[in-house]
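Please have a look at the sequence and the structure first.

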Amino acid sequence: MHTKMRLWHTMNARSFRCLWTIEELKLQGKKIDLDLITMPFPPRVFYKEYLKQNVLGTIPLLEDGNVRMTESNAISQYLCAKYAPTSLAMDFSEPFYGEYLNWIHHSEATLTFPQTIVLRYTKQEIGRADNAAVDYARWYGARLRMLNSALDDGRTFLVGGRFTIADIAVTYSLYLGTTLEVEGVPLSARYKPQVTKYMLRMLDREGYKNAVAFQTWSEEQFEKLHGNGQDNSKL
């Protein structure tokens, strides 16, 4: 069995939430020995060996001893529990715990989901369901209302007055919107000024920059060993 913690990843995919969490934990002094494997996207097409690790072929996959996890936000929560205590997580005893959990799950179920439909029909199956891409782009814009309202008070972080994995989860969703467009208009064009400012502030963190550098290095190592079948800079 592989004993070092291993994260199967593709460039800028949802697994980036996990990688960013790890880099933030490192900055807090946590000793984390990670084997990062950055494959071309989608790996089920361009690196079929991955299907032996994850029959779904989806990203991410975290292996940590006998633990195997495939949901990005759940992995971030697992990492915070494993390397506790950390200010990246909130405890039930804290007054904002419910709000913290809600933002984590809101990021995937409400914000990222419509973007995956846009991605599929603007990048992977172009021309098959153009109307669906347009509709879900509009849906994504409408689902930003709660975030717009929360950030309207000028807060620095989403919840509790400090940076947590809720910020990582939501910022990744916002970043994804900068990489997708419908009818020539990026999804991020729908962001209110306070949302754009928040996103850019989070993307300026050292932990985020370290994660970007790590995935870039890891991608280069993978290409040296296996080659690369396509441009894998997208989710």
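Let me start with strand β2, where both faces are covered: L34, L36 and T38 on one side, and D35, I37 and M39 on the other, are all buried, buried meaning under 20% relative accessible area, exposed over 50%, and partly exposed in between, with a 1.4 Å probe and protein chains only. In a regular strand the side chains alternate between the two faces of the sheet. Strand β2 covers residues 34–39, and six of its six residues are buried; strands here are DSSP runs of E of at least two residues, and helices are runs of H or I of at least four, numbered from the N terminus.

Before I go on, a word of care: this is a predicted model, in which local features need pLDDT of at least 70 and side-chain atom pairs count only at pLDDT 80 or more, whereas totals for chains, interfaces and linings use all residues. Residues are numbered from 1 along each chain as its sequence is written, and side-chain values use heavy atoms, with hydrogens and water left out.

Strand β1, residues 5–10, runs parallel to β2 and is joined to it by six bridges, where pairing requires that DSSP finds at least two bridges between the strands. H9, for instance, has T38 of β2 as its bridge partner.

What about disulfides, that is, pairs of cysteine sulfur atoms within 2.5 Å? A search of the whole structure finds zero. C18 is in none, the nearest cysteine sulfur being that of C80, 11 Å away, which is too far for a bond. C18 is buried, at a relative accessible area of 0%, and C80 is buried too, at 4%.

Finally, the helices. In α4, residues 97–124, a kink of about 45° lies at T112, shortly before the proline P114, the bend being the angle between axes fitted to the seven residues ending there and the seven starting there. Helix α7, residues 165–179, is mostly covered, with 13 of its 15 residues buried.

Key:
The expected span of a helix is 1.5 Å times one less than its number of residues. A disulfide is a pair of cysteine sulfur atoms within 2.5 Å.
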